[in-house]
2 protein chains.
Amino acid sequence: MEITLKKGGGVTCSPAERHGSAHSLSVYTTKRLNETGFPKEGEARSSFSSPKQIIFDVVASMSVVGKSANIFWQECPVRKLDRQKLLKQKGCVIWITGLSGSGKSTLACTLDRDLHSRGKLAYVLDGDNLRHGLNKDLGFSAEDRAENIRRVGEVAKLFADAGLICIASLISPYRKDRDSCRAILPDLSFIEVFMNMPLDLCEARDPKGLYKLARAGKIKGFTGIDDPYEPPLNCEIEIQQENGVCPSPCAMAGQVVGYLEEKGFLRE
Amino acid sequence: MEITLKKGGGVTCSPAERHGSAHSLSVYTTKRLNETGFPKEGEARSSFSSPKQIIFDVVASMSVVGKSANIFWQECPVRKLDRQKLLKQKGCVIWITGLSGSGKSTLACTLDRDLHSRGKLAYVLDGDNLRHGLNKDLGFSAEDRAENIRRVGEVAKLFADAGLICIASLISPYRKDRDSCRAILPDLSFIEVFMNMPLDLCEARDPKGLYKLARAGKIKGFTGIDDPYEPPLNCEIEIQQENGVCPSPCAMAGQVVGYLEEKGFLRE
């Protein structure tokens, strides 16, 4: 049996061991674990055997996470696969990144409508909209931007787990923040879409009048003007001009839908 | 035309005005608004008329929200009603509150399975599980508890908006935190379920061994022991013992499903 002992004494058993129920090992019985060679503090992963046939119950997946101790993981009987079967699709996250004015919202909305017309359940997480609710306590400092993206990534993960095609639309300028969101999603279900439009085009569009304000010095730390945008290195989909012409909203959405079809996300 | 001017100069127009497009009024043109009698700071709601026939575009719903300025509200063409039609159900939040050990998770999982077996799309937001992800930066101080519940409420609202039956399972001991979550949900779609089980029963069950730790002083501020639980005053559903006997998980879930059926949440 493989178990992980985390700082403070949290104990989790590997999923394979999460069946049967006989004995729940409290986080405070680490003394027993110490006798088998585990450290009292810090983190260790090791094989574990006991002549006493200790079987971990589901509730034994207690852990110390971030600032929280005494946290259990609750498994529910309806799983992602069950919901996907009901919806006849696979949950995933379409993460649309790019400069302000690059067409993220246009793609998000067109894609949403396109998927809906095919009978698929999608939902748009718009960075600006979330700042009216979930993220209203956050500003635009580097730290707050990172936390903003972290939270959207966590929520997107929940939506994908619920079986939805979650369309997240955020500038998300820093590679490491996007990569952190990718890292928490299961393999291949994080689909990064890079709106690769030239800055001068985005600035000429300026649909929200923000570039003008940034150039006038009324907005500081504006992506593309006085704050960097780090393009993806290995995105799944890249949207760009062809011979100096931008693809239509339908063509952009079609490119994403084509990818989803090809990878099997639009069937169970 | 009714507009709201928020501290810092954010301008939102009322939904009824969100059509047509002619002129986008920037948050920075408040001088013009001042000329019509609006304060430069603070919040004001007032009727507004202009001889210049200013029509607010959708993107004019710019506002200053919390710490965020220059935030727009993005409307997507697929609306909650469209998703509900697809799912043949109405999005809502089942908010299960009660002491540790009162049966919240048991009800959440049983209800989830019951709804799934009827072909309905539900999703469980478990307070402990979210502390592994979205809320892993939060501890158990009064402030962190409130923020924990605020975030779950905001995410639950998104799920309901996506058309799902969102089952939130959290102790959520304070009335005002639960009421804040209710306040952000549209009318009647916040369904509070109170697990009204006696403390001594919960403590006798002690499925996670937490009461024992709290009594031993190893957990401080534990709800029901040295921190209060404020029961709902007007919850939609109350689960309690009958003649000293707890209802079975199926009976509890049945009580909630009955409510959902009666109120029309299980059809479009």
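Guide: What follows goes from the sheet to the helices across it, then to salt bridges and phi values.

This is a predicted model, in which local features need pLDDT of at least 70 and side-chain atom pairs count only at pLDDT 80 or more, while totals for chains, interfaces and linings use all residues. Residues are numbered from 1 along each chain as its sequence is written, chains are lettered from A and ligands numbered from 1 in the order in which they are written, and side-chain values use heavy atoms, with hydrogens and water left out.

Helices (H or I, at least four residues) and strands (E, at least two) are DSSP runs, numbered from the N terminus. Two strands pair if DSSP finds at least two bridges between them. In chain A, five strands form an open sheet in the order S7-S8-S6-S9-S10, with parallel pairing. Strand S7 (122-126) and strand S10 (237-240) of chain A are at the edges; each has a single partner strand, so one side of each is left without a neighbour in the sheet. From one strand to the next the twist averages 20 degrees. Axes are lines fitted to C-alpha atoms, for helices over the stretch in contact, and angles run from 0 to 180 degrees between N-to-C directions. Strand S9 (residues 190-196) of chain A is joined to S10(A) by four bridges, and the two run parallel. Opposite A:Ile239 in S10(A) stands A:Met195.

Helix H3 (residues 104-117) of chain A lies across S6, S7, S8, S9 and S10 of chain A, at about 165 degrees to S8(A). Helix H5 (residues 142-161) of chain A lies across S6, S7 and S8 of chain A, and runs at about 150 degrees to S6(A).

A salt bridge is a side-chain nitrogen of Lys or Arg within 4 Å of a carboxyl oxygen of Asp or Glu. Over all chains the count is 29 salt bridges. One of them joins the side chains of A:Arg151 and B:Glu147 (4.0 Å, N to O). This pair crosses between chains, from helix H5 of chain A to helix H5 (residues 142-161) of chain B. Buried means under 20% relative accessible area, exposed over 50%, and partly exposed in between (1.4 Å probe, protein chains only). A:Arg151 and B:Glu147 are both buried.

In chain B, the side chains of B:Glu203 and B:Arg215 form another salt bridge, with the closest N and O atoms 2.6 Å apart. B:Glu203 lies in helix H7 of chain B and B:Arg215 in helix H8 of chain B, so the pair ties together parts 12 residues apart in sequence. B:Glu203 is partly exposed at 22% relative accessibility, and B:Arg215 is exposed at 51%. Salt bridges that share partners also form one network, whose members include A:Arg151 and B:Glu147.

Most residues other than glycine have a negative phi. A:Ser172 has a positive phi, near 35 degrees, and sits in the loop between S8 and helix H6 (175-184) of chain A. A:Ser172 is buried, with a relative accessible area of 2%. A:Asp206, also not a glycine, has a positive phi of about 35 degrees. A:Asp206 lies in the loop between helix H7 (199-205) and helix H8 (210-215) of chain A and counts as buried at 16% relative accessibility.

Note on methods:
Contact = heavy atoms within 4.5 Å.
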